Amino acid sequence: RWEDTEKTLPELQARLRKALDYLAGFTPAQFDGAGARAIELKTPAGVFHFTGDSFVLTWALPNFYFHVTTAYNLLRHNGVPVGKLDFIGEV
C-alpha cells in the first residue's frame, strides 16, 4: 500500500514506474490457479468475497471502465479535443 500524495505529473509518472517495477517482480507461476483463488475485499461499504475470476469480471473491469469514462468525460467537458477513437482506440 502506498500513500496517495502525488500532486504533479512527474510524481504520478514515478508512481507508475514504481507500480510497474513491483508487477515485474511476479512470475507467471504465481498466477497459476488465480481464477479460483478466494479474495476478500474490505471497503467502507462492507466486506466483499470473490474468486479471482469474479473479482476481475464484476469488480475490477467495471471500476476500471467507470474511471476511464469519467476521466474522458471530464477532459471533453473542459475542452480537451478527445473523441471516440481516443477512448476505444484504432479499430
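Glu-40 and Lys-42 pair up through their side chains in a salt bridge, with N and O 3.7 Å apart; the term covers a side-chain nitrogen of Lys or Arg within 4 Å of a carboxyl oxygen of Asp or Glu. By that rule the count comes to 3 salt bridges. Keep in mind that this is a predicted model, where local features need pLDDT of at least 70, side-chain atom pairs count only at pLDDT 80 or more, and totals for chains, interfaces and linings use all residues. Residues are numbered from 1 along each chain as its sequence is written, and side-chain values use heavy atoms, with hydrogens and water left out.

- Lys-42 is exposed, at 63% relative accessible area; here exposed means over 50%, buried under 20%, and partly exposed in between, with a 1.4 Å probe and protein chains only.

**The network around Arg-15**
- Asp-4, Glu-6 and Arg-15 are joined in a network of salt bridges.
- Side chains of opposite charge can pair when their charged atoms come close.
- In the Asp-4 to Arg-15 bridge, N and O sit 2.8 Å apart.
- Asp-4 is in the segment before helix H1 (9-24) and Arg-15 is in H1, so this bridge ties together parts that are 11 residues apart in sequence. Helices (H or I, at least four residues) are DSSP runs, numbered from the N terminus.
- Arg-15 also bridges to Glu-6, with the closest N and O atoms 2.9 Å apart.
- Asp-4 is exposed at 67% relative accessibility, while Glu-6 is partly exposed at 25% and Arg-15 is partly exposed at 22%.

**Helix H1**
- The end C-alpha atoms of H1 are 22 Å apart, which agrees with the 22 Å its 16 residues should span; the expected span is 1.5 Å times one less than the number of residues.

**The nonpolar patch**
- Val-56, Leu-57, Leu-61, Phe-64, Tyr-65, Leu-85, Phe-87, Ile-88 and Val-91 make up a nonpolar surface patch with about 930 Å² of accessible area together.
- The areas come from the Shrake-Rupley method with a 1.4 Å probe, and for residues only the protein chains shown count as cover.
- Helices H2 (52-77) and H3 (84-88) each supply at least two of the patch residues, and H2 gives the most, with 5.
- Phe-87 is in helix H3 and is partly exposed at 33% relative accessibility.

Key. Patches are made of residues with over 30% relative accessible area and no salt bridge: like charges are joined within 9 Å, nonpolar side chains (Val, Leu, Ile, Met, Phe, Trp, Tyr) within 5 Å.
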